Amino acid sequence: MHDLETRPCSLAAQIEALVARHVKETEALEDSHLDSCIDEAAIQVQRHTLSPFLPTAAEDLASIFNILRLGPRHIMVDLGCGDGRPLIAAALLCKCRGVGVDISQQCIALAKSIVSQEGLSDRMVAFFRWDLLSDQEAVLNRLVEAVEAKAQEAAIECKDGVEAVVVFLYVYPTLLARLVCLLDRLVRAWRDFRRVEVVTLTYHLEAPVGGGEGEGVLYRECGGRVEIHTLEKKT
Ligand SMILES: C[S@@+](CC[C@H](N)C(=O)[O-])C[C@H]1O[C@@H](n2cnc3c(N)ncnc32)[C@H](O)[C@@H]1O
């Protein structure tokens, strides 16, 4: 079905090849978001202007996948998932399951359409249109439920179950700062997983999230642009 895996080229090149298949739709989406941001920045009403759609570059995704050794025993959650390319690439190239959330109807529609064009099922990658800044309790519960469903599917298909939940954020600092409380609660809710990795790109969290006293919270900065906070389950 996919010739990506069999090609003798780097992970970044494989992601580039995947992105190239949908580039027209994505560029149109990017342009429409930039236009709307110019308008909305002027009136400063729409929440999503806190972090407009801008896709992660293939090289950055490849280095994140490599650093995390992403595989079938990971579940990746992209908060502000845009056109879904990080999760779709992770599913196709690393067999990693994913849950993506975005406020933009257009982004979610495009992500779902790429999922179906690529022959993936929503058992592998599910996308939801939610506002991460709205009712935090509801967002938290829905995310926990969505990841639990993916974990159950992973456990069925892979005996060892889930190695780690990876929460990925490529959002502007204005939005990132407002997501810290939600992140903290999510990481605590997922403490029963062996590991939770919170990965930010370009913009950084002020402090590690989810770690109480005595918890195994590790912090790694990988080459300046990628930052990872890891919470290891106590054994
Ligand atoms: C910089 S883009 C990142 C896209 C994708 N994660 C990637 O790396 O390619 C940020 C995304 O955050 C979304 N976003 C902004 N505010 C949001 C909110 N309140 N709730 C959910 N998503 C939001 C935007 O619609 C946009 O698609």
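A polar side-chain atom of Asp78 sits 3.0 Å from a nitrogen atom of the ligand, a polar contact being a pair of N or O atoms within 3.5 Å. The model is predicted: local features need pLDDT of at least 70, side-chain atom pairs count only at pLDDT 80 or more, and totals for chains, interfaces and linings use all residues. Residues are numbered from 1 along each chain as its sequence is written, and side-chain values use heavy atoms, without hydrogens or water. A polar backbone atom of Ile103 is 3.1 Å from a ligand nitrogen atom. For Leu132, a backbone N or O atom lies 2.9 Å from a nitrogen atom of the ligand. Alone, the ligand exposes 600 Å², of which the protein buries 100% (Shrake-Rupley method, 1.4 Å probe).

Strand S2 (residues 97-102) runs parallel to strand S3 (residues 125-129), joined by 5 bridges. Strands are DSSP runs of E, at least two residues; helices are runs of H or I, at least four. Pairing requires at least two DSSP bridges. Gly98 stands opposite Val125 in S3. With helix H5 (residues 105-117), S2 and S3 form a right-handed β-α-β unit (clockwise path from first strand over helix to second, strands pointing away from the viewer).

The whole structure contains 0 disulfides (cysteine sulfur atoms within 2.5 Å). For Cys107, the nearest cysteine sulfur, that of Cys81, is 6.9 Å away. Cys107 is buried at 1% relative accessible area, whereas Cys181 is partly exposed at 44% (buried, under 20%; exposed, over 50%; partly exposed, in between; 1.4 Å probe, protein chains only).

How values were computed: Polar contact = N/O pair within 3.5 Å; in protein donor to acceptor, adjacent residues only side chain to side chain.
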